[in-house]
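Subject: Structure for your review

Dear colleague,

Please find below the structure that I am handing over to you. My findings follow directly after it, and I would ask you to read them with the model open.

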Amino acid sequence: MRRSQRKTLAARTQQVLRGRTAPLGVIIVMMALSWCDPALAAGPRVFLLRGWFGIFSTGLDSVAHQLKAFGIEAEVAGHLDWSNEVGEILRDRSAGRTDRLVLVGHSQGANNVIDMARSLEGYDVTVDLLVTLSPFLQKPIPANVVKAINYYQAPGWGQPIAADGGFHGKIVNINLADDATISHIGIDKSPRIQAEIVQEITALRSNQ
């Protein structure tokens with residue numbers, strides 16, 4: 001992150017603090033990043049997939065907006081575009097891009113980010129972080145995923161994720177059944193969950 005970018009992030013942090021337009025956890029991360037060493041600030045690349053019809057997953061747009069405030073490249077698409085997103089990633093890899101890769105999906109989009117990871121496995125592309133929100137009847141997590149975090153409700157909607165053969169990464173299943181404020185169509189809009197996702201993604205910077 002250049003000095004000018006750090007100044008911009010610091011200014012954005014002050015705006016957020018005055019207006020409280022982001023969850024507290026996100027604000028803390030923004031403050032830390034505005035003073036971090038430039039060598040640690042290179043951001044990952046994030047692809048977010050909406051669920052059916054693309055109208056019930058608007059919380060992913062909020063996550064993308066928060067990530068962009070950190071200077072992280074984030075792209076939101078409909079779940080039907082998942083194969084096109086894989087093609088874009090492969091073209092960029094062929095052109096020499098080596099960004100850390102993050103896939104986030106809600107509902108059917110959660111199932112399809114697993115499909116994306118599985119397709120990328122065939123090209124030896126690592127997925128550094130995969131986040132699923134309320135997947136259902138999903139496939140196992142392939143071996144090219146370093147860490148997978150799954151939010152679901154059982155009883156309710158969604159299921160725990162499981163590893164495929166050869167997987168050596170980390171899987172975290174978080175059951176939200178006891179949280180009455182969470183629903184299938186609202187899980188992506190939860191400020192707490194959004195903050196946790198943003199923190200996981202920005203933490204990848206310090207591990208580069």
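Two residues are said to be in contact when heavy atoms of theirs lie within 4.5 Å. Please keep in mind throughout that this is a predicted model.

**Overall layout**

The chain contains 6 helices and 6 strands. Read from the N terminus on, its elements follow the order α-α-β-α-β-α-β-α-β-β-β-α. Of its 208 residues, 47% count as buried. Among the contacts with a separation of 6 or more, 64% are between residues 24 or more positions apart. The accessible surface comes to about 9,900 Å², and carbon and sulfur atoms account for 55% of that surface.

In soluble globular proteins, nonpolar side chains tend to be buried together. In this model, the largest nonpolar core has 24 residues, and V46, Y151 and I201 are those with the most contacts inside it. At least two residues of this core come from each of β1 (45–49), α3 (59–69), β3 (101–106), β4 (129–133), β5 (147–152) and α6. The largest share, 5 residues, is supplied by α6.

Which residues does I201 touch, leaving aside its neighbours within four places in sequence? They are P44, V46, L67, I72, V102, V104 and L129. A second, separate core has 21 residues, including V86, L103, V127 and A148.

A110 belongs to helix α5 (residues 108–121). Its relative accessibility is 0%, so A110 counts as buried; the cut-off for that term is under 20%. Not counting residues up to four places away in sequence, A110 touches G105, T132, L133 and P135.

D188 is placed in the loop between β6 and α6. With a relative accessible area of 2%, D188 is also buried. The side chain of D188 reaches the backbone nitrogen of T58 at 3.4 Å. Beyond its neighbours within four places in sequence, D188 is in contact with F56, S57, T58, G59, L60, H106, L133 and Q194.

**A nonpolar patch on the surface**

Nonpolar residues are found on the surface as well: W52, F53, I55, F56 and I185 form a patch there, with about 600 Å² of accessible area together. One of them, I185, is located in the loop between β6 (170–175) and α6 (191–206).

**Backbone features to inspect**

Most residues other than glycine have a negative phi, and most peptide bonds are trans.

- P155 lies in the loop between β5 and β6.
- L137 sits in the loop between β4 and β5. Its relative accessibility is 64%, so L137 counts as exposed.

Yours sincerely,

A colleague

Definitions and conventions:
Residues are numbered from 1 along each chain as its sequence is written. This is a predicted model: local features need pLDDT of at least 70, side-chain atom pairs count only at pLDDT 80 or more; totals for chains, interfaces and linings use all residues. Side-chain values use heavy atoms; hydrogens and water are left out. Helices (H or I, at least four residues) and strands (E, at least two) are DSSP runs, numbered from the N terminus. Buried means under 20% relative accessible area, exposed over 50%, partly exposed in between (1.4 Å probe, protein chains only). Patches are made of residues with over 30% relative accessible area and no salt bridge: like charges are joined within 9 Å, nonpolar side chains (Val, Leu, Ile, Met, Phe, Trp, Tyr) within 5 Å. Accessible areas come from the Shrake-Rupley method with a 1.4 Å probe; for residues, only the protein chains shown count as cover. A salt bridge is a side-chain nitrogen of Lys or Arg within 4 Å of a carboxyl oxygen of Asp or Glu. A polar contact is a pair of N or O atoms within 3.5 Å; within protein, one must be able to donate a hydrogen and the other to accept it, and residues adjacent in sequence count only if both atoms are side-chain atoms. A nonpolar core is a set of buried Ala, Val, Leu, Ile, Met, Phe, Trp, Tyr and Cys residues joined through side-chain atoms within 4.5 Å.
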